[in-house]
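The sequence and the model come first.

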Amino acid sequence: MTRRTDWAEYTSGSAGPGDDAYGAAAAPYETDPSAVGTPEDGTARHGDGEARRGGGRGRGAGGTRGRRRRERAEPSAGDGGATSSSRAEKGEPPRDPVEQSRAICLRLLTGTPRTRRQLADALRKREIPDEAAEEVLSRFEEVGLINDGAFAEAWVESRHHGRGLARRALARELRTKGVDATLIDAAVSRLDTEQEEETARDLVARKLRATRGLDRDKRLRRLAGMLARKGYPEGMALRVVRQALEEEGEDTEYLGDEGF
């Protein structure tokens, strides 16, 4: 029999007021250090009057509320709820895997977007049944909480301008995150060759001063190697570095490419 689920809650990108039913971790409560009991004979000892007055309050309404809160709180298992073993020890029925999947995905998506592959790996690690995981992930895609295409475009924009990565390095990173090859091609194609070369020139200009004092071949290898690690093609890297060295007065006519 197919389980019916109210999917209206999926349209929200974060947990709502009722999400504590899915096992949101309770805030820790600490005992008031002044909440100490009185002696059994009811007599006060020298120098502890303040502590006993504080202890009286701790044993009253405030102390009772603290104990009740701690009794209601359930420990978090890292996925928004109690572990199956702790629930079994308390005689509670096992949690519905679809609800558990939903809670895990909402928690992981809070604050940072993730690909479908990343979420699927997280659910598998927590031993969520494949059928329940597929149901939740597919629904999240339908309502736009998972969008690998938008993820890839945002990743390219951020990593190119923030770290200076070229298309080849960006595509490699997106593959490790499980983005489909078609979506990767569409995202990296937003960067053209002219924009890549302009970024490469900026990177070399920032690093050029640190290489002054080295011989010409070492400067070439160091700067071109930096661009290569960021995914720039070898031909573009050498051309950009040679031009930067020439602008500083270096003779690059017979500059070799060995060691690059």
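1. In H7, the buried residues are Asp148, Gly149, Phe151, Ala152, Val156 and His160. Buried here means under 20% relative accessible area, exposed over 50%, and partly exposed in between, with a 1.4 Å probe and protein chains only. Seen down the axis of H7, these residues fall within an arc of 155 degrees, so they line one face of the helix. The arc is that of the directions from the helix axis to the C-beta atoms. On the face of H7 turned away from its buried side are the exposed residues His161 and Gly162.

2. On provenance: this is a predicted model, in which local features need pLDDT of at least 70 and side-chain atom pairs count only at pLDDT 80 or more, while totals for chains, interfaces and linings use all residues. Residues are numbered from 1 along each chain as its sequence is written, and side-chain values use heavy atoms, with hydrogens and water left out.

3. The chain has 12 helices and zero strands. Helices (H or I, at least four residues) and strands (E, at least two) are DSSP runs, numbered from the N terminus. Of the 260 residues of the chain, 35% count as buried. Contacts (heavy atoms within 4.5 Å) between residues 24 or more positions apart make up 62% of those in the chain with a separation of 6 or more. The chain exposes about 16,300 Å², and carbon and sulfur atoms supply 47% of it; accessible areas come from the Shrake-Rupley method with a 1.4 Å probe, and for residues only the protein chains shown count as cover.

4. Back to H7 and its geometry. Its 16 residues should span 22 Å at 1.5 Å a residue, and its end C-alpha atoms are 21 Å apart, which agrees. The expected span is 1.5 Å times one less than the number of residues. At the start of H7, a side-chain oxygen of Asn147 comes to within 3.2 Å of the backbone nitrogen of Gly149. Just after H7, Gly164 has a positive phi of about 75 degrees. The cover over the buried residues of H7 includes helix H5 (116-125), H8, helix H9 (181-188) and H10.

5. Helix H10 (residues 193-208) also has 16 residues; at 1.5 Å a residue it should span 22 Å, and its end C-alpha atoms are 22 Å apart, which agrees. Its buried residues are Glu196, Glu197, Thr199, Ala200, Leu203, Val204 and Leu208. Helix H7 (148-163), helix H8 (167-176), helix H11 (216-229) and helix H12 (234-247) are among what covers them.

6. Which residues touch the most other members of the largest nonpolar core? Of its 18 residues, they are Val204, Leu208, Leu227, Tyr232, Val240 and Val241. H10, H11 and H12 are the elements that give two or more residues to this core, and the largest share, seven residues, comes from H12. Leaving aside neighbours within four places in sequence, Val204 is in contact with Leu223, Met226, Leu227, Val240, Val241 and Ala244. Apart from this core lies another, of 17 residues, among them Leu119, Ile128, Ala133 and Val136. A nonpolar core is a set of buried Ala, Val, Leu, Ile, Met, Phe, Trp, Tyr and Cys residues joined through side-chain atoms within 4.5 Å. In soluble globular proteins, nonpolar side chains tend to be buried together.

7. Ser101 lies in helix H4 (residues 97-109) and is buried, with a relative accessible area of 0%. Its side chain reaches the backbone oxygen of Pro97 at 2.7 Å. Val98 and Pro129 are 31 residues apart in sequence and 8.8 Å apart in space, C-alpha to C-alpha.

8. Glu127 sits in the loop between H5 and helix H6 (130-142). Its phi is near 60 degrees, a positive value in a residue other than glycine. Is Glu127 buried or exposed? At 70% relative accessibility, Glu127 counts as exposed.

9. Arg219, in helix H11, counts as buried at 3% relative accessibility. Not counting residues up to four places away in sequence, Arg219 touches Leu208, Thr211, Arg212, Leu214, Leu245, Glu248 and Glu250. Arg219 and Leu245 are 26 residues apart in sequence and 8.5 Å apart in space, C-alpha to C-alpha.

Note on methods
A polar contact is a pair of N or O atoms within 3.5 Å; within protein, one must be able to donate a hydrogen and the other to accept it, and residues adjacent in sequence count only if both atoms are side-chain atoms.
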